[in-house]
Amino acid sequence: QTGTSTKIPVFERFERMHPFKMINYLVLSISGILYAFVFFMFIKHLVFELHGDFDFNLPKFFTVSTILLICSVYFSTRLKKAYQSDDIPLVQNTLSIIFVSGVLFFISQSIAWMELLQQEVFPKVNDIIPYLFVFSALHLAFVLAGMVMSVLLFYNYMLIEHDPVKTLIVTTNPTEKIKLENLMIYWHFNTVAWTVLFLIFLFIF
């Protein structure tokens, strides 16, 4: 034994990866590419095609929605620990918080857009608004997918809540752990993506 660890090649690591994890990373990669493409087009338009001033204030509810997502990330970090300690009620509560955070995010985004459409400066920034709309709509779609995942997981845990045998089977099943980890990673990614976009728009406007 030489004491040195052998590095596993990247492709071999992918081959060993659980299909659910692979799908999750694939979805996140596609999401990242979509965000990057739209952002590239936005910067290109901003630098080469847009002329004149476009000063206006981002609606306050964009800030509210950002804070909601960041808070939900804090709670989502409890999923793995709750699962490992066989605390099914805490898993359910955390999944509920993620879902409710998603609903509140939708509501705050809707209010923000109503607020934006009522601004008198809207016609002056007509070239910019479509990009903000695409970013917002794209992110809402990804948040909706996360909410669906949380509801499905909540339903599964609700079915086993009062059955010790099923609870033992689920809490010792590596696949169930991966499902919760996927939701955590997915939710964290969407929160980081929106926060970065929000800060960029906040800086520009």
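Me: What makes Phe-99, Val-100, Val-103, Leu-104, Ile-107 and Val-151 a nonpolar patch?
Reply: Patch members need over 30% relative accessible area and no salt bridge, with nonpolar side chains (Val, Leu, Ile, Met, Phe, Trp, Tyr) joined within 5 Å and like charges within 9 Å. Together these six residues on the surface have about 440 Å² of accessible area, calculated by the Shrake-Rupley method with a 1.4 Å probe, where only the protein chains shown count as cover. Bear in mind that this is a predicted model: local features need pLDDT of at least 70, side-chain atom pairs count only at pLDDT 80 or more, and totals for chains, interfaces and linings use all residues. Residues are numbered from 1 along each chain as its sequence is written, and side-chain values use heavy atoms, leaving out hydrogens and water.

Me: Which helix gives the most to the nonpolar patch?
Reply: Helix 5 (residues 88–117), with five residues. Val-151 has its place in helix 6 (residues 129–160). Helices here are DSSP runs of H or I with at least four residues, strands are runs of E with at least two, and numbering starts at the N terminus.

Me: Why is Val-151 called partly exposed?
Reply: Buried means under 20% relative accessible area and exposed over 50%, with partly exposed in between (1.4 Å probe, protein chains only). Val-151 has 39%, so partly exposed is the label.

Me: How do you know that helix 5 and helix 8 are roughly parallel?
Reply: Helix 5 and helix 8 (residues 174–204) pack at an angle of about 25 degrees, with their axes 13 Å apart. Angles under 35 degrees count as roughly parallel, over 145 as roughly antiparallel, 65 to 115 as roughly perpendicular and the rest as oblique. Helix 5 and helix 8 are therefore roughly parallel.

Me: Why does the contact between Glu-181 and Lys-21 count as a salt bridge?
Reply: The rule asks for a side-chain nitrogen of Lys or Arg within 4 Å of a carboxyl oxygen of Asp or Glu. The closest N and O atoms of Glu-181 and Lys-21 are 3.8 Å apart, so the pair passes. This pair links helix 8 to helix 2 (residues 19–48), 160 residues apart.

Me: Is Glu-181 buried or exposed?
Reply: Buried, because its relative accessibility is 13%.

Me: What about Lys-179 and Glu-176?
Reply: Their side chains meet in a salt bridge at 3.4 Å, N to O. They are three residues apart in helix 8, which means a separation of about one helical turn.

Key: Axes fitted to C-alpha atoms, helices over the stretch in contact; angles between N-to-C directions.
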